[in-house]
Amino acid sequence: MKDEVKVTISGTQGQQSPEEKIEVVSIGQMCKEDDATYITYDEVVGEEENGLVQVVKNTLKINEEQVEVIKKGPTESHMVFVPNQTTFTYYSTPLGELEVSVHTENIERVKRKNGFALKIQYGLEMNQTFISSCNVDIKVEH
């Protein structure tokens, strides 16, 4: 059974000021399958000259060991966050692919009355060059 949920994802890279914080709020679907929770939602990422909207389809797969963020559309990636481990993926854009590595420092899980929250701290490298330390907060509300 799928439940409708409000998904709020906010994040910072490096020493950004609070006004540089990136935030996405969307309505999505949540279901549980086997030992994982799946959340799907759409994210508008741009508008073409002809007025068509570009949408990325996102899936969060959350279980006890890790969190996966899967993006499909004009940009694609499959990032896997595992505490104290480095994972590798490719970030596909219309201009080409970038090699991305993520070293997850910590995943904090907080249950709430109306859902849950995740706080992920990680280091980001692109094409073997350190980019920044990052924080992502994910809130899911029924």
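Colleague: What makes β2 and β3 a pair?

Modeller: Six bridges join β2 to β3, and the two strands run antiparallel. Two strands pair if DSSP finds at least two bridges between them, so β2 and β3 qualify. C31 stands opposite Y38 in β3. This is a predicted model, in which local features need pLDDT of at least 70 and side-chain atom pairs count only at pLDDT 80 or more, while totals for chains, interfaces and linings use all residues. Residues are numbered from 1 along each chain as its sequence is written, and side-chain values use heavy atoms, with hydrogens and water left out.

Colleague: How many helices and strands does the protein have, and what counts as one?

Modeller: There are zero helices and ten strands. Both are DSSP runs numbered from the N terminus: helices are H or I, at least four residues, and strands are E, at least two.

Colleague: In what order do the strands lie in the sheet, and which are the edge strands?

Modeller: The ten strands form an open sheet in the order β6-β5-β4-β3-β2-β1-β10-β9-β8-β7, with antiparallel pairing. The edge strands are β6 and β7 (85-93), since each pairs on one side only.

Colleague: What makes the largest open space a pocket, and what is its volume?

Modeller: On a 1 Å grid over the protein atoms alone, a pocket is an open set of points with protein on both sides within 12 Å along at least five of seven lines; a cavity is a set where a 1.4 Å probe fits but cannot get out. The largest pocket has a volume of about 730 Å³, a volume being the space filled by probe spheres set on the points, which are joined across faces, edges and corners.

Colleague: How do you know whether the protein is compact or extended?

Modeller: The radius of gyration is taken over C-alpha atoms, and the globule rule is 2.2 Å times the number of residues to the power 0.38. With 142 residues, a compact globule would have a value near 14 Å; the protein has 15 Å, which agrees.

Notes: On a 1 Å grid over the protein atoms alone, a cavity is a set of points where a 1.4 Å probe fits but cannot get out, and a pocket is an open set with protein on both sides within 12 Å along at least five of seven lines; lining residues have an atom within 4 Å of a point.
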